[in-house]
Amino acid sequence: MLSRLYIQNIAVIEKVEVSFEKGLNIFTGETGAGKSIVIDAINAVLGNRTSRDLVRSGAPKALVTALFEQIGAQTREKLQSLGFEPEEDDTLLLSREISADGKTLCKIGGRPATVSILREIAQGLISIHGQHENQSLSLPEQHLTYIDRFGKTEELLREYQIQYANYVALQRKLRQLQTDEREKAQKIDLLSYQIQEIEAAQLFTGEEEELQTAKKKMQNSAKILGALHIAHDLLQGAEESDGVLSMLDQLYGQMDELESFYPQIKSGRVLDIRYELEEVGEALRDALSDIEMDPAELEQVEDRLDLIHQLKRKYGGSIEEILSFAQKAQEQLDAINHAEETQERLEKESLQSEKKLLELASQLSKKRKASAVQLQKQVCDELAFLDMPSVRFVVHTQTDRPDETGIDRMEFYISTNPGEPPKSLGKIASGGELSRIMLSLKNVIAEGDQIGTLIFDEVDTGVSGRAAQKIGRKLKQASGNRQIICVTHLAQVAAFADTHLLIEKKVENERTFTTVHSLQQQERVKELARIMGGENVTSTVLASAQELISQSGENS
């Protein structure tokens, strides 16, 4: 269960710490005090989608931490499977930091985690029914989700959806093969031309770079040739001057004579240098023979580069991409030429996939229909308790072609008056009826879950009086085996609280602040009286509030 919640810099909340207890925890407060913001903060720490707009104006970041106790075996196993070790005292601390620039930092037990991991862990801890979730009951396409949750067929549905995706992919490939002959012939001609054009060019990787280097060398051949001649003459000598090699010969002769008098003079070192320079001379001679410019050769290089440029414009930005294009084109051509073989194989695979798909669809449908029968009965029992004994809740079922949800088209129908046939829930149910039906669904589904905490944000919308009291009693009853947190604006519901939390908004120094504190007995009476009587809280209203609390204790 959720034990403590710490909120910092979320909307109008600067800093709040809330302690929750077992049983039924009720939030009340004036409109705009920040009740929905507390739910937004809980959603944030559970890894749900949020935005930087949630950060309090002027604050650099917001922080929400949630401490859970008695997390249960399922959550411990999930933590370990994701690489997190649970605490020995069976507690778990989740936190999420949201920066004003939109960045987010999540932690599980003090260790960094991704938002998706945080959300996966939180799924087994809390289930939230938001203010707008009733609207999903008006959407028939959402009804299957409730039936799958109730019947625990989500895993079978996922297996079916994988098979369905495989079947759809095979069907798409078959359609691509089944083109008319004219289109196929045109495709063969185009692919053949493209492949032949690229193969005729005989490109190879690195060729363009080599050609660019050769072109640059040819275009600068005069300059290069002059530099080579000068270097060669300096080394070998010219008509009117000795070269370096000749001068080294003279140097060696002089040093050889001196070496007998001065042993430290090593004439052999001069010979080593001369041998190295002779090798340099040979390289210069080779370069001189290679640099002989042929205008026709430059034209050939430029023509080759122009061809590569044309092919790049058609097939890719580099030779590698052109060659890759040719390879893919050949694969497409081979596929077309072997289309009959491929089609036979795909048809066989498609039949096998369809058979498996229909088997899974049948299994899924059978379980869903069995679940629907049980769901009808249990929801009707819940509705009878919630002062709707005449309402018939029916799951209307049809079988259709397979799609990603299966072969079932299931929609919730209700009949609100005896003798009237059931009709689509979204078309005839009032707001108050939707609230009670949603509470019934949530309660029935939760009975089979291991989730320790249920949160209801204004589940009593559209109801009052006796019906509201029934909702309060049902919430109290449901909190017997799990923690319930409920935001309400009705005194009849708040009267059943085990822990009553008041959210108040104050303005100090032209800034808005929200506080949360737990109410004691007399404070609860005053708060219920405020809800019942508004600003005009009389002794009679206070007495009514006290009586409401006393009655809730007697009837719970």
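Two strands pair if DSSP finds at least two bridges between them; helices (H or I, at least four residues) and strands (E, at least two) are DSSP runs, numbered from the N terminus. The model is predicted, so local features need pLDDT of at least 70 and side-chain atom pairs count only at pLDDT 80 or more, whereas totals for chains, interfaces and linings use all residues. Residues are numbered from 1 along each chain as its sequence is written, and side-chain values use heavy atoms, without hydrogens and water.

**View 1. The open sheet E11-E12-E13.** Three strands, in the order E11-E12-E13, form an open sheet with antiparallel pairing. Strand E11 (392–403) and strand E13 (423–424) are at the edges with a single partner strand each, so one side of each lacks a neighbour in the sheet. Nine bridges join E11 to strand E12 (residues 406–415) in the antiparallel sense. Asp403 has Gly406 of E12 as its bridge partner.

**View 2. Helices packed on the sheet.** Helix H4 (residues 140–151) touches E11 and E12, where contact means heavy atoms within 4.5 Å. The direction of H4 makes about 100 degrees with that of E12. H13 also packs on the sheet, touching E11 and E12, and its direction makes about 170 degrees with that of E11.

**View 3. The packing of H13 and H15.** Helix H13 (residues 339–385) and helix H15 (residues 431–447) pack at about 125 degrees, with axes 9 Å apart. Axes are lines fitted to C-alpha atoms, for helices over the stretch in contact, and angles run from 0 to 180 degrees between N-to-C directions. Leu375, Gln378, Val379, Glu382 and Leu383 of H13 meet Arg436, Ile437, Ser440, Leu441, Asn443, Val444 and Glu447 of H15.
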